[in-house]
Structures are given as structure tokens and as C-alpha cells.
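Notebook open, new model loaded.

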Amino acid sequence: MAARRLIPTLNRVLVEKIVQPSKTTAGILLPEKSSKLNSGKVVAVGPGLRDKAGNNIPAAVKEGDTVLLPEYGGTQVKLGEKEYHLFRDEDILGTLHD
């Protein structure tokens, strides 16, 4: 069976959460709360919403963006062996840049 690809609808965004390491390279275990941010990588973005005039309002993020996620929310989705989360565009708190 071929791998499935999920294309979100409307203003939804598919995100793969970034998991912070649980121990350092030296093998020291880190406390659970040491992960700095609840972040993820945008995998796919829906086409956006339509306003009353029928104009398309695209999502504020694009594929490949690293985003700051709310602590709770989103819908968990499992595709193959990977786990993703679907968020509405307005629920994403911001984009992260180096």
C-alpha cells in the first residue's frame, strides 16, 4: 500500500511536533519540563478560508515553517508510523526563526 498524504481542508495546518531530547549527548537525563518550547514543523497547509465576497484568505504559515503551538488542542492524526497534529491556522501562536 502506498504512503498516504493528508491535505488539510480550509484553514487547517498539519504539524509534526518537534520532540526535545530527553537526555544530553553525555547521557544526562533532562527533566521533563526542560523542553523550552512546544513547537512543530508545518507539513501541509489547507487552501484557506473564503470571506463573504468569495475571496480566498490563505493561512498565515507555509510548509516548512517552524511554529509555536499551544500547550493543548489540535487533533492527533497517525499516518503510517508517524504522528501528526492538525491545528486551525488561528490556533498557531507564531513562527520561530533562528
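Predicted model: local features only at pLDDT ≥ 70, side-chain atom pairs only at ≥ 80, totals over all residues.

Looked up the largest nonpolar core: 8 residues, namely V13, V15, V42, V61, V67, L69, F87 and I92. By nonpolar core I mean a set of buried Ala, Val, Leu, Ile, Met, Phe, Trp, Tyr and Cys residues joined through side-chain atoms within 4.5 Å. Buried stands for under 20% relative accessible area, exposed for over 50%, and partly exposed for in between (1.4 Å probe, protein chains only).

Then I noted a second, separate core of 5 residues, which includes A44, V77, Y84 and L86.

Went back to I92 and listed its contacts (heavy atoms within 4.5 Å). Leaving out residues up to four places away in sequence, I92 touches V13, V61, V67, L68, L69 and F87.

Residues are numbered from 1 along each chain as its sequence is written, and side-chain values use heavy atoms, with hydrogens and water left out.

Next, the overall layout. I get 0 helices and 8 strands, and the pattern along the sequence reads β-β-β-β-β-β-β-β. Both kinds of element are DSSP runs numbered from the N terminus: helices are H or I with at least four residues, strands are E with at least two.

Checked strand pairing, which requires DSSP to find at least two bridges between two strands. Strand β6 (residues 75-79) pairs with strand β7 (residues 82-88) in the antiparallel sense over 5 bridges. Within that pair, Q76 stands opposite H85 of β7, and L79 has K82 as its bridge partner. The β6 and β7 hairpin has 2 residues between the strands, and G80 takes a positive phi near 65° there.

β7 has another antiparallel neighbour: strand β1 (residues 12-17) is joined to β7 by 4 bridges. Here L14 is partnered with L86, a residue I had already put down in the second core.

Is S39 buried or exposed? I find S39 in strand β2 (residues 39-45), and S39 is buried because its relative accessible area is 5%. S39 and L69 lie 30 residues apart in sequence, yet their C-alpha atoms are 5.4 Å apart in space.

Last, the totals. Of the 98 residues, 24% count as buried. Of the contacts between residues at least 6 apart in sequence, 62% join residues at least 24 apart.
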